[in-house]
Amino acid sequence: MLLDATQRTKLDPSNDLLFYDAPRFVTHVDEGFIEQLTQLYRDRLSPNSRVLDLMSSWVSHLPSEVAFDHVEGHGMNAEELARNKRLDHYFVQNLNETPQLPLEDASFDAVLNTVSVQYLQQPEQVFAEVRRILKPGGIAIFSFSNRMFYQKAIAAWRDGTEADRVALVQQYFAQTPGFSQPEVQSKVSAVSSVFQLFGMPGGDPFYAVMATAQ
Ligand SMILES: C[S@@+](CC[C@H](N)C(=O)[O-])C[C@H]1O[C@@H](n2cnc3c(N)ncnc32)[C@H](O)[C@@H]1O
């Protein structure tokens, strides 16, 4: 196992379902981050394919002009997911209690995860599940910034630098059999922290770590 027990701990150890009980109709990252992510999806996702948005909410970052065969959503709050117009179907599941996904082997072309990987306490099991449900050649894209619900992020994430977090997600992929060597895309402005301080778009650093199923 990649992480030890201490690295998996959260400052708020209560059941995550309680934390996500009330819907949050907010966006968790700024416009610059979302534009970067949507462009990455435009570049890497095939039209008319099957996509899983893992750890989703009421907003989709998929390019609005691209049609997909099926977009499956997963998250922790049914009201948020019900408002997400891109989802054809969704399910609610606490991955820290039940990492097994109720989805068939090799049934998706892409698995997406946005600004959420830091909340996974059993990332090894979740990444193995992501690999299981991907078709050969399918892609998994985990993107994140430096924002988080601090009390719900695991210690391994909280205690690391941004570079450490990129390395951690690379390791999640690398230790899962059947993934290609992970690729990293990032966009961090030299003045990110100043922009972020003033709430200006372009302030949120963008990181995506992705790999394909072999
Ligand atoms: C910051 S939000 C990001 C939502 C969405 N991906 C987006 O880009 O707006 C974090 C999400 O992680 C998911 N999440 C947090 N803890 C979880 C857990 N224990 N099991 C499953 N999902 C969880 C919830 O769906 C929550 O909406």
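The structure is a predicted model, in which local features need pLDDT of at least 70 and side-chain atom pairs count only at pLDDT 80 or more, while totals for chains, interfaces and linings use all residues. Residues are numbered from 1 along each chain as its sequence is written.

The chain contains seven helices and seven strands; helices (H or I, at least four residues) and strands (E, at least two) are DSSP runs, numbered from the N terminus. Their order from the N terminus is α-α-β-β-α-β-β-α-β-α-α-β-α-β. Along the principal axes, the C-alpha atoms occupy a box of roughly 40 × 40 × 35 Å.

Of the 214 residues, 40% are buried. A residue is buried if 20 or more other C-beta atoms, placed from the backbone, lie within 10 Å of its own, exposed if 12 or fewer, and partly exposed in between. The largest nonpolar core has 49 residues, of which Val-111, Ala-140, Ile-141, Phe-142 and Ala-208 touch the most other members. Such a core is a set of buried Ala, Val, Leu, Ile, Met, Phe, Trp, Tyr and Cys residues joined through C-beta atoms within 7 Å. Among the elements that each supply at least two residues of this core are α2 (31–44), β4 (108–114), β5 (134–144) and β7 (206–212). Beyond its neighbours within four places in sequence, Ile-141 is in contact with Leu-40, Arg-44, Ala-110, Leu-112, Ala-208 and Met-210; contact requires C-beta atoms, placed from the backbone, to lie within 7 Å.

Helix α4 has Pro-123, Val-126, Phe-127, Val-130, Arg-131 and Ile-133 buried. The cover over these buried residues includes β1, β4, β5 and α6.

Around the ligand there are 16 residues, with Asp-16, Gly-75, Leu-95, Thr-114 and Ser-116 coming nearest; a residue is near a molecule if its C-beta atom, placed from the backbone, lies within 6 Å of it. This shell comprises seven nonpolar, eight polar and one charged residue. Here Ala, Val, Leu, Ile, Met, Phe, Trp, Tyr, Cys and Pro count as nonpolar, Asp, Glu, Lys and Arg as charged, and the others, Gly among them, as polar.

Finally, Arg-24 lies in the loop between α1 (16–19) and α2. Arg-24 is partly exposed because 13 other C-beta atoms lie within 10 Å.

How values were computed:
Two residues are in contact if their C-beta atoms, placed from the backbone, lie within 7 Å.
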